[in-house]
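Here is a short briefing to read alongside the model.

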Amino acid sequence: MRRTDTCGGLRSSDIGRRACLQGWVRFSRDHGGVAFVDLADRYGITQVVFDPEDTAEADVDRIAGVMGTFARESAVSVEGIVRRRVEGTDDARNPTGEVELLVTDAVLLNRSASPPFEIGDQKEGVLPNEDTRMRYRYLDLRRTEMVGALAFRSRVVHLMRQYLERNSFLEVETPMLGRSTPEGARDYVVPSRRHPGKFYALPQSPQLFKQMLMVGGIDRYYQIARCFRDEDSRKDRQPEFTQIDMEMSFVDTEDILGTVEGMIAAVWEGLYGTELETPFPRIGYREAIERFGSDKPDMRYGLEFVKLTEVVRDAPYEIFKRIIGAGGIVAGINLGDRSSEVGRNEVDRYIQFAKDKAKLGGLTWMRCEDGVLTSNIAKYFTPGILEGIKQALKAEEGDLVFLIAGPWKATYEGGGILRRRIAEDLGLVPDDVFQFSWLVDCPMFEVDPVSGKHDAFHHPFVLPEGDIDAKDVGGACFDICLNGNELGSGSLRIHDAGLQRAVLKKIGMSDEEIERDFGWFIEALGYGAPPHGGIAMGVDRLIAILLGRDTIRDVIAFPKNKKAVSLLDNSPERIDDGKLEELQLLSLAADGLDLGDFDIDE
RNA sequence: GCCCUGGUAGUGUAGUGGCCUAUCAUGAGGCCCUGUCGAGGCCUCGACACGGAUUCGAAUUCCGUCCAGGGCGCCA
């Protein structure tokens, strides 16, 4: 018997013909005579029925015997006639629910052990702990939700490729075995047998290689690129993850943003058949921080901050005076018509949250009552200043406002955490809105307030917009955000060798280090590197957000857990001494290793 | 490295010092059942993560370890 149809394919138009289905036994129901099997594969579920009254007498015992061996989740093959279900037993929830397959022959292909958790879709779906799902990921993948996520992901990536190919992009694979670079995340490292003591590093991103492709004249490149970063994971961060990586020559920022918007709109059209509004809103870095308290602003709801520093500058309130005197800011947020839902107890909870989770020094609140702002500290403000705050925040009767104060960045970012919390508590965050946006006008460097050390705000290959020695020099870089998540970032790149050297020097590298780590790269720029730029976006994150999943693990077939362990194959694992020997490696982490006088610090 | 939350049959849970040789559901095994679809009925099986402490008595309190998740740091 060979499969003629999938378990999701049969319809009433197939009634009367023979079919052979192969799949997994999801549920079975034996009524003591007539027996049903819900046969499942990734396409759907079809009801298979064994009915002794409609079965040739010679076959009854044999088929009944075989079907008796159909344990849950076993792989089976059934052959039979497609027939209409008896009157009144259609299943409207199932696309195949008008028909059933009357068995004329059945074979057990491979019996399944009892599954460790429920695989079928159930009304009150109870999923096991995630580690159980991970250990038996191949069973977890049989679940409709997981199949759906993988299919959706495949579709998205396919649509991206279609768009990019249509627009003259070339997909080029870049090496997995490369050179460890000093900046950035920790590398995953691969020892070289042929060069004992030397190591490759797995790419954190194909950054340098895609720039080399531009030098090489591949003026439009893309890749579904696997990237590796040996850092602690989060629900949206895995040690290995996938980016849609792009790079273009002879372009300006608008070309890149427009291309990405076109690509995402094309994906949207293919996915949902609707038009996605482009261009996406653009917001400057400073403005994003000051309005939304985040460099990845969630614009699906209001609750924006308003700067109050000037309004309260002369208020005789010691805390604000001290903060403003030290160059800090004061800003406010108005809960507006939802204010009545936040009572005094909730206010106290937010004050606690602000201190504990948002790392704010404190949180000031005021409520608009009888036309004036009142609170426990209102007495420290003059009526004129209170009126100024009220007007700046557009506070109306009953409105609750929160005031935050402190150093510019930390305070706004803390406020952003608070803002999100309030929005979630008040149910202001719509889960069916997908708001893309661009964050632009970022600084080139981030200066450590203590050491004065310069760090690249994005990375040191971003084209500076001006004199790199000037204070607050900008970089030609941009982030794409979706619903408060950073999806990816891109930039125009430096294509001048001298400038590249100068930027690397600015972030603290010596001439020797620059030569050793990036000499080859800078040399390449010297051979007519074209002006170029590009972007990389996290595919896992995009898919997870679009599907409303809480973690990217749910859209990755075989993810690793929080400790970067694969519960399925139990990696990482020690390797044989023989292999270590061949690589001329010595493991200091091995059990019971006698280090003798060997000092590991030297 | 740090902080928080959790760990009870295969799975999901109840359980706040004695009502616990631990609840319920699901599952698995057995029997019954000819139109169900998470079929149903009856019976059976099966668990307190590990180590220590407190106590007359610990699933329950405390300490440590391990495991899982969320977060901080980290992630140019």
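This is a predicted model: local features need pLDDT of at least 70, side-chain atom pairs count only at pLDDT 80 or more; totals for chains, interfaces and linings use all residues.

## Backbone features and contacts

Pro 279 sits in the loop that runs between helix H6 (253-272) and strand S11 (282-284).

- As background, most residues other than glycine have a negative phi, and most peptide bonds are trans.
- A cis peptide bond also joins Ser 571 to Pro 572, here with omega near 0°. Pro 572 belongs to the loop between H15 and H16.
- Phe 250 is not a glycine, yet it has a positive phi of about 55°. You will find Phe 250 in the loop between S10 and H6, and its relative accessibility of 63% counts as exposed.
- Leu 303 likewise has a positive phi of about 55° without being a glycine. Its place is the loop between helix H7 (285-292) and strand S12 (305-307).
- Is Leu 303 buried or exposed? With a relative accessible area of 10%, Leu 303 is buried.

**Salt bridges**

- How many salt bridges does a search of the whole structure find? The search finds 51.
- In general terms, side chains of opposite charge can pair when their charged atoms come close.
- Glu 240 pairs with Lys 560 in a salt bridge whose closest N and O atoms are 2.9 Å apart. This pair links distant parts of the chain, 320 residues apart: Glu 240 is in strand S10 (residues 240-249), while Lys 560 is in the loop between helix H15 (539-546) and helix H16 (577-582).
- Glu 240 has a relative accessible area of 25% and is therefore partly exposed. Lys 560, at 17%, falls under 20% and so counts as buried.
- Asp 348 and Arg 344 form a salt bridge with their closest N and O atoms 2.9 Å apart. Both residues lie in helix H10 (residues 344-356), four residues apart, which is about one turn of the helix.
- Asp 348 is partly exposed at 35% relative accessible area, and Arg 344 is partly exposed at 42%.
- Asp 511 forms a salt bridge with Lys 505, with the closest N and O atoms 3.1 Å apart. Asp 511 is partly exposed at 43%, and Lys 505 is partly exposed at 46%.
- A network of salt bridges links Arg 133, Arg 137, Asp 140, Arg 143, Glu 145, Arg 549 and Asp 554.

**The H4 and H15 pair**

- The axes of helix H4 (residues 144-166) and H15 come within 10 Å and cross at roughly 120°, so the two helices are oblique to each other.
- The crossing of H4 past H15 is right-handed.
- On the H4 side, the contact is made by Phe 152, Arg 153, Val 156, Val 157 and Met 160. On the H15 side, Val 539, Asp 540, Leu 542, Ile 543 and Leu 546 take part.
- By class, this contact of H4 with H15 has eight nonpolar, two charged and no polar residues.

**A buried threonine**

- Thr 309 is part of helix H8 (residues 309-312), and its relative accessibility of 7% counts as buried.
- Which residues does Thr 309 touch, not counting those up to four places away in sequence? Thr 309 touches Ile 324, Gly 328, Ile 329 and Val 330.

Methods: Residues are numbered from 1 along each chain as its sequence is written. Chains are lettered from A and ligands numbered from 1 in the order in which they are written. Side-chain values use heavy atoms; hydrogens and water are left out. A salt bridge is a side-chain nitrogen of Lys or Arg within 4 Å of a carboxyl oxygen of Asp or Glu. Buried means under 20% relative accessible area, exposed over 50%, partly exposed in between (1.4 Å probe, protein chains only). Axes are lines fitted to C-alpha atoms, for helices over the stretch in contact, and angles run from 0 to 180 degrees between N-to-C directions. Angles under 35 degrees count as roughly parallel, over 145 as roughly antiparallel, 65 to 115 as roughly perpendicular and the rest as oblique. A crossing is left-handed if the near helix is turned anticlockwise from the far one by less than a right angle, and right-handed if clockwise. Contact means heavy atoms within 4.5 Å. Ala, Val, Leu, Ile, Met, Phe, Trp, Tyr, Cys and Pro count as nonpolar, Asp, Glu, Lys and Arg as charged, and the others, Gly among them, as polar.
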